[in-house]
Amino acid sequence: MAKVKILGSAYATPNPKHENTHFALQGSHGTILVDCGANPTVRLERAGIPFDSIDHVIFTHFHPDHVGGAPLMLMNMWLMGRTKPLNIYGLGHCLRNLQLLMEMYDWKMWPNFYPVSWHAVADGEDQLLYDGEDFHITSWPATHFVPTLALRIRDKPAGRVLAYTCDGSPCDSINRMAVGANTLLHEAAGEGFGHSSALQAGQLAGRVGVEVLYLVHYDVHLGDQRNSGQSETEMIASARINFGGRVEIAEDFTEFEI
Ligand SMILES: [Zn+2]
Ligand SMILES: [Zn+2]
C-alpha cells in the first residue's frame with residue numbers, strides 16, 4: 001500500500017522538530033522524493049526509507065527551502081555507491097538553476113558519477129510529470145514568487161488522489177487541481193501574495209469536498225506575525241470554519257495513505 005511520509009513540515013525557517021517541507025511517496029515499486037530543502041539522508045533513514053529506493057526526485061520550485069539540500073543529496077548518493085540512474089523532474093527554470101548550482105560544485109569532475117536524467121515538465125495545467133506502476137502525477141502552476149509546481153498525485157492501485165498545493169496563494173489552477181481529490185495537502189505559511197493561510201486551505205477543502213485536509217509548510221516560530229503566527233490548535237480551528245471534514249497538522253514523520 002502506497003504511503004505519504006512527511007519528512008519535513010516547516011515553512012522556510014525550520015526548528016529542531018520541523019525540517020523544511022519535503023516528503024516521500026513510498027510505493028511497492030520504489031520511492032519518489034518531493035523536494036529536499038535540507039540533506040534528506042538522515043530524515044529518510046529515520047522514516048525507514050532505504051536511500052537507494054529513491055529513483056525519482058521532483059523539485060517543485062527553486063527556493064532554498066525546497067532545493068537547498070539537493071547538492072548534498074546528490075553527493076551522498078554517489079558516495080554511498082549509487083550506480084543506477086536518478087530521474088529528476090521539475091520546471092525548466094528550476095532544473096536549469098539546479099544544474100548551474102551543481103556546475104559550481106564541479107560535479108562533472110566527480111569520478112564514476114551515476115547517470116542523472118533531467119525531465120523538464122511543461123508549464124501549464126494538468127501536465128503529465130510522472131507515470132509509473134504506483135503513481136500517476138500531473139503538475140499545475142501555483143501562484144508563488146518563482147515558477148512553481150503543485151502536484152496532483154494518484155495512487156494507481158488504490159485509485160485515490162492526493163492534491164498538493166505546494167507554496168502559493170489561492171488561484172484557479174489550484175482550485176481545478178484539487179477537484180475530486182480524496183486528500184488535500186495544503187501549505188499554511190500565512191495569507192498574502194505567494195502563500196496561503198489555514199483558513200484559505202479550509203476554504204479550498206470545503207469547496208472541493210476532500211475527505212481529509214493536512215496542513216503543512218507552516219510557521220514553526222510562533223509569534224512571527226510576518227506569517228501565520230498561529231498555534232496548531234488555531235490553525236485547525238481556522239481551517240474548520242469552512243470545512244467539515246478531518247483536519248490534521250502534518251508533522252515531521254507523519255505518515256498517511258492517500
Ligand atoms: Zn517554501
Ligand atoms: Zn517557495
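Student: Where is Cys 94 placed?

Tutor: Cys 94 sits in helix 4. A helix here is a DSSP run of H or I with at least four residues, a strand is a run of E with at least two, and both are numbered from the N terminus. The model is predicted, so local features need pLDDT of at least 70 and side-chain atom pairs count only at pLDDT 80 or more, while totals for chains, interfaces and linings use all residues. Residues are numbered from 1 along each chain as its sequence is written, while chains are lettered from A and ligands numbered from 1 in the order in which they are written.

Student: Does Cys 94 count as buried or exposed, and why?

Tutor: A residue is buried with 20 or more other C-beta atoms within 10 Å of its own, exposed with 12 or fewer, and partly exposed in between, with C-beta atoms placed from the backbone. Cys 94 has 26 C-beta neighbours inside 10 Å, so Cys 94 is buried.

Student: Which residues does Cys 94 touch beyond four places in sequence?

Tutor: They are Phe 59, His 61, Phe 62 and Val 67, where contact means C-beta atoms, placed from the backbone, within 7 Å. His 61 is 33 residues away along the chain, yet its C-alpha atom and that of Cys 94 are separated by 5.6 Å.

Student: How do you know that the span of helix 4 agrees with its number of residues?

Tutor: The expected span is 1.5 Å times one less than the number of residues. For the 13 residues of helix 4 (residues 92-104) that gives 18 Å, and the end C-alpha atoms are 18 Å apart, so the two agree.

Student: What makes Asp 126 stand out in its phi?

Tutor: Most residues other than glycine have a negative phi. Asp 126 has a positive one, near 60 degrees, in the loop between strand 6 (116-121) and strand 7 (127-131). With 11 other C-beta atoms within 10 Å, Asp 126 is exposed.

Student: And why is Phe 253 called partly exposed?

Tutor: Phe 253 has 16 other C-beta atoms within 10 Å, which falls in the middle range, so that is its label. Its phi is also positive, about 80 degrees, and Phe 253 lies in the loop between strand 13 (246-249) and strand 14 (255-256).

Student: What makes strand 7 and strand 13 edges of the sheet?

Tutor: Two strands pair if DSSP finds at least two bridges between them. The open, mixed sheet has 7 strands in the order 7-8-9-10-11-12-13. Strand 7 and strand 13 each have a single partner strand, so one side of each lacks a neighbour in the sheet.

Student: How do you know that strand 8 and strand 9 pair?

Tutor: Strand 8 (residues 135-141) and strand 9 (residues 149-155) are joined by 7 bridges and run antiparallel; Pro 141 stands opposite Leu 149.

Notes
Contact = placed C-beta atoms within 7 Å.
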